[in-house]
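Please read this report alongside the sequence and the 3D view that follow.

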Amino acid sequence: ANKNYLETVIPHITTLMCDTLEELVEESEVLVIANGSAEFKRVPEMMREDQILIDLVGIAKQADYTDDQYEGICW
């Protein structure tokens, strides 16, 4: 049902999807972490200095960021 919905209602969505987390981080200007899965703990380590991280779950609280690169929200 989900695949059918994607293909019929929002077919362009597949052009926006990435195969790996590394590809997603590489292609993004702003990264939003909204899920506390362990996989996302690697995101801060993969980021470039020109990227911004918005952390909705506090997954990267302990990382060393400049104020203009990191925003923690709702925690």
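## Salt bridges

Four salt bridges are counted in this structure, a salt bridge being a side-chain nitrogen of Lys or Arg within 4 Å of a carboxyl oxygen of Asp or Glu. The model is predicted, so that local features need pLDDT of at least 70 and side-chain atom pairs count only at pLDDT 80 or more, whereas totals for chains, interfaces and linings use all residues. Residues are numbered from 1 along each chain as its sequence is written, and side-chain values use heavy atoms, with hydrogens and water left out.

One of these salt bridges joins Arg42 to Glu22, with 2.9 Å between the closest N and O atoms. This pair links distant parts of the chain, since Arg42 sits in the loop between strand 1 (30-33) and helix 4 (43-46) while Glu22 belongs to helix 3 (residues 21-27), 20 residues apart; helices (H or I, at least four residues) and strands (E, at least two) are DSSP runs, numbered from the N terminus. Both partners are partly exposed, Arg42 with a relative accessible area of 34% and Glu22 with one of 38%, where buried means under 20% relative accessible area, exposed over 50%, and partly exposed in between (1.4 Å probe, protein chains only).

Glu26 forms a salt bridge with Arg48, and the closest N and O atoms are 3.9 Å apart. Here too distant parts of the chain are linked, with Glu26 in helix 3 and Arg48 in the loop between helix 4 and strand 2 (52-55), 22 residues apart. Glu26 counts as exposed at 54% relative accessibility, whereas Arg48 counts as partly exposed at 31%.

Arg48 also meets the side chain of Asp50 in a salt bridge, at 2.9 Å from N to O. Asp50 is exposed, with a relative accessible area of 55%. Through salt bridges that share partners, Glu26, Arg48 and Asp50 are joined into one network. Asp50 lies in the loop between helix 4 and strand 2, and its C-alpha atom is 7.4 Å from that of Glu29, although Asp50 and Glu29 are 21 residues apart in sequence.

## A buried aspartate

## Nonpolar core and surface patch

In soluble globular proteins, nonpolar side chains tend to be buried together. In this model the largest nonpolar core has nine residues, namely Leu21, Val25, Leu31, Ile33, Val43, Met47, Leu53, Ile59 and Ala60; such a core is a set of buried Ala, Val, Leu, Ile, Met, Phe, Trp, Tyr and Cys residues joined through side-chain atoms within 4.5 Å. Helix 3 and strand 1 are the elements that give two or more residues to this core. Leaving aside residues up to four places away in sequence, Val25 touches Leu31, Val43, Met46, Met47, Arg48 and Gln51, contact meaning heavy atoms within 4.5 Å.

Val57 is found in the loop between strand 2 and strand 3 (70-72) and counts as partly exposed at 37% relative accessibility.

## The chain as a whole

The protein chain has four helices and three strands, which follow the pattern α-α-α-β-α-β-β when read along the sequence. Of its 75 residues, 23% count as buried. Among contacts between residues at least 6 apart in sequence, 11% join residues at least 24 apart.

The chain exposes about 5700 Å², of which carbon and sulfur atoms supply 51%; accessible areas come from the Shrake-Rupley method with a 1.4 Å probe, and for residues only the protein chains shown count as cover.
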